[in-house]
Amino acid sequence: MTWRHVAASDVGRVREQNEDAFVADGEAGAFVVADGMGGHAAGEVASEMAVRVIPDTLRSLPMRSTVAEVRQRLSEAVGSANRAIFEDGLENADRTGMGTTVTALVLLPGGSYVIGQVGDSRAYLLRDGMLRQLTEDHTYVQQLVNRGRLTSEQARLHPRSSLLTRALGTDHSVALDLYDGEARAGDRFLLASDGLTGMLTDQELAEIMRQRGSLDELAARLIEAANSAGGNDNITVVLVDVVEAAEEAD
Ligand code: MG
């Protein structure tokens, strides 16, 4: 199993700076989206640190790692990034309290995937035309959805929708949610910041992700649709297509 990917980020139509960050390392099979927060551009520092530190730790993974080993290594990587951001915030008064979301996808050549999640960036999987959200947001509105007090759509449109219950770098340790599963040829993964998923319904995301066109074109259409819907926040999109090894060679 191998994969193709594209990654793109846009400032949106309201914000002056882009505090999202991403890394897409096809060779290592490691893809990360981070959405930073904190005043005076500190959010940008936090998200940049996350996308630098996490792949550094993953790059040294042995070729034939098991899912258990990848889960362990991803936990260590996110822990390292958390400490680095937290300590930087302590040492620099203008960055105290900065933090970031992180959604990290690791694909294994054997056909498995592992996802690490903190915050409200998201991972989705389009399989057989059906879009499924793989991660759960760490937000107050999500807690209300889980208790049946809000619908997902009410949560998406809520004025405090992006208030996080968990973030990377805001405390000395952080709890990471880990997910794993089997990937197969034809699968299309999406990692995105809330500048995309807050502006578009899952239905709208699915309609674009099912379209024909190159991954570049699809990423551009997703960003364009989020901007057309208001572009209230920075928009980051990573698309990864899983393909048979022979298909990639053509
Ligand atoms: Mg955001």
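Me: How are the donor residues of the magnesium ion spaced in sequence?
Reply: The spacing of the donor residues is D-x158-D-x38-D. This is a predicted model, in which local features need pLDDT of at least 70, side-chain atom pairs count only at pLDDT 80 or more, and totals for chains, interfaces and linings use all residues. Residues are numbered from 1 along each chain as its sequence is written, and side-chain values use heavy atoms, with hydrogens and water left out.

Me: What makes Asp35, Asp194 and Asp233 donors of the magnesium ion?
Reply: Their OD atoms coordinate the ion at 2.1 to 2.2 Å. Donors are N, O and S atoms within 2.8 Å of the metal (3.2 Å for Na, K and Ca), and because water is not among the atoms, sites may look incomplete.

Me: Why is Asp194 called buried?
Reply: Its relative accessibility is 14%, and buried means under 20% relative accessible area (exposed is over 50%, partly exposed in between; 1.4 Å probe, protein chains only). Asp233, at 12%, is therefore buried as well.

Me: Why are H6 and H7 called roughly antiparallel?
Reply: They pack at about 150 degrees, with axes 9 Å apart. Angles, from 0 to 180 degrees, are taken between N-to-C directions of axes fitted to C-alpha atoms, for helices over the stretch in contact. Over 145 degrees counts as roughly antiparallel, under 35 as roughly parallel, 65 to 115 as roughly perpendicular and the rest as oblique, so H6 and H7 are roughly antiparallel.

Technical notes: Helices (H or I, at least four residues) and strands (E, at least two) are DSSP runs, numbered from the N terminus.
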